[in-house]
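Here is a short report on one protein model. Start with a single residue and its surroundings, then step back to the whole.

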Amino acid sequence: MAYQHARKAGNLADVWKHFTLLTVLADLVADRDAAAPSFAYLETHCGEGLYELAPDGEWRNGVARVLPVCKELADHPYFEALGSHLAAGSVYRGSWLLVADYLGRRRHRASLSLHDTDPAVARRLQLFSGIPHTQRLRFRCGDGYAALRRCGSWDLVFIDPPYSPDAALDYRRVAVASRSLASRHITFLAWYPLLESSHGWFTATGVRYELLMPRVGQLGRQSLTGCGMLAGGRAARSLAGHRGALAALATHVGARFRVRPDASDS
Ligand SMILES: C[S@@+](CC[C@H](N)C(=O)[O-])C[C@H]1O[C@@H](n2cnc3c(N)ncnc32)[C@H](O)[C@@H]1O
């Protein structure tokens, strides 16, 4: 069966992923004015963008645990987007829709290039009409890694594979993509799980911002012991400037926060 994100939407891994993504996005657009060229965003594994929270979904151990958020984080764009209350049946926005909404609310023009191999995602996106008028959305049903090999100048690339059914393959493909993006000076983020059995075989380029928990959720038959965001280019510098907020979020969910330097620098 193809990977289904719906049951996982809003879990702790999503909280870390979407919090770091919006942290970087906010920094990247902070200095842009209305006359700036369109913000070019590419997402390799975009998913449906909108998820209805199921009564027994993993969000119960994720966003439900985070809200109400501590004062220190209340003004963060992720928590602004979430609102103060979520319940079963509420809608949780996925990565690219959070990005589109953030840019749309600030009237930034943007072009979003989205990729996913799942035909069900393609059908949902064809019907989707909630995009702000300042955004141009292009969806391609196909391999997101292949999109990265094409020439392009993106302001931000986000790689978010399922690591299922073959986690090792996605780790390898993310590592290859990170080296290629770094060599082209393209700013990127890539989410990855910390699995019981994943130690030591992730050889990517970039700084790693990790959330460590006894248990974050389940991926296939494996337990997640945490997750991380790999950051390259301006994304790495942005997250370095927000260590305090990242540590505050980790503490707020009873987790530990760790930064691991770019192994390819040494
Ligand atoms: C973790 S989900 C994406 C979640 C989304 N980025 C978010 O945060 O809301 C992973 C997605 O990757 C898709 N997928 C799996 N293999 C793919 C590939 N080679 N290229 C593009 N998409 C793929 C799956 O269909 C699934 O929708």
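Leaving aside neighbours within four places in sequence, Ala 235 is in contact with Val 24, Thr 187, Phe 188 and Leu 189. Two residues are in contact if their C-beta atoms, placed from the backbone, lie within 7 Å. Ala 235 sits in helix H8 (residues 234-240). It has 29 C-beta neighbours inside 10 Å and so counts as buried. A residue is buried if 20 or more other C-beta atoms lie within 10 Å of its own, exposed if 12 or fewer, and partly exposed in between, with C-beta atoms placed from the backbone. Asp 262 is 27 residues from Ala 235 in sequence and 13 Å from it in space, C-alpha to C-alpha.

This is a predicted model: local features need pLDDT of at least 70, side-chain atom pairs count only at pLDDT 80 or more, and totals for chains, interfaces and linings use all residues. Residues are numbered from 1 along each chain as its sequence is written.

**Overall fold**

The protein has nine helices and 10 strands. Helices (H or I, at least four residues) and strands (E, at least two) are DSSP runs, numbered from the N terminus. The radius of gyration is 17 Å, close to the 18 Å that the globule rule gives for 266 residues, so the protein is as compact as a globular protein of that length. That radius is taken over C-alpha atoms, and the rule is 2.2 Å times the number of residues to the power 0.38. The C-alpha trace spans about 45 × 45 × 40 Å along its principal axes. Buried residues make up 44% of the 266. Of the contacts between residues at least 6 apart in sequence, 81% join residues at least 24 apart.

S4 pairs in the parallel sense with strand S1 (residues 39-43) over five bridges. Ala 40 has Ser 111 in S4 as its bridge partner. S4 also pairs in the parallel sense with strand S5 (residues 135-141), over seven bridges. There, Ala 110 has Gln 135 in S5 as its bridge partner. Two strands pair if DSSP finds at least two bridges between them.

Which residues come nearest to the ligand? Of the 21 around it, they are His 45, Gly 47, Gly 94, Ser 95 and Asp 118. A residue is near a molecule if its C-beta atom, placed from the backbone, lies within 6 Å of it. Strand S4 (110-116) and helix H6 (144-149) each supply at least two residues of this shell.

**Helix H9**

Leu 246, Leu 249 and Ala 250 are buried in helix H9 (residues 243-252). Seen down the axis of H9, its buried residues fall within an arc of 100°, so they line one face of the helix. The arc is that of the directions from the helix axis to the C-beta atoms. Just after H9, Gly 254 takes a positive phi of about 70°.

**Backbone exceptions**

Most residues other than glycine have a negative phi, and most peptide bonds are trans. These sites depart from that pattern:

| Site | Feature | Angle |
|---|---|---|
| Leu 67 to Pro 68 | cis peptide bond | omega near -5° |
| Ser 164 to Pro 165 | cis peptide bond | omega about 10° |
| Tyr 163 | positive phi, not a glycine | phi about 50° |
| His 185 | positive phi, not a glycine | phi about 60° |

Tyr 163 lies in the loop between S6 and H7. Tyr 163 is buried, with 23 other C-beta atoms within 10 Å. His 185 is exposed, with 10.
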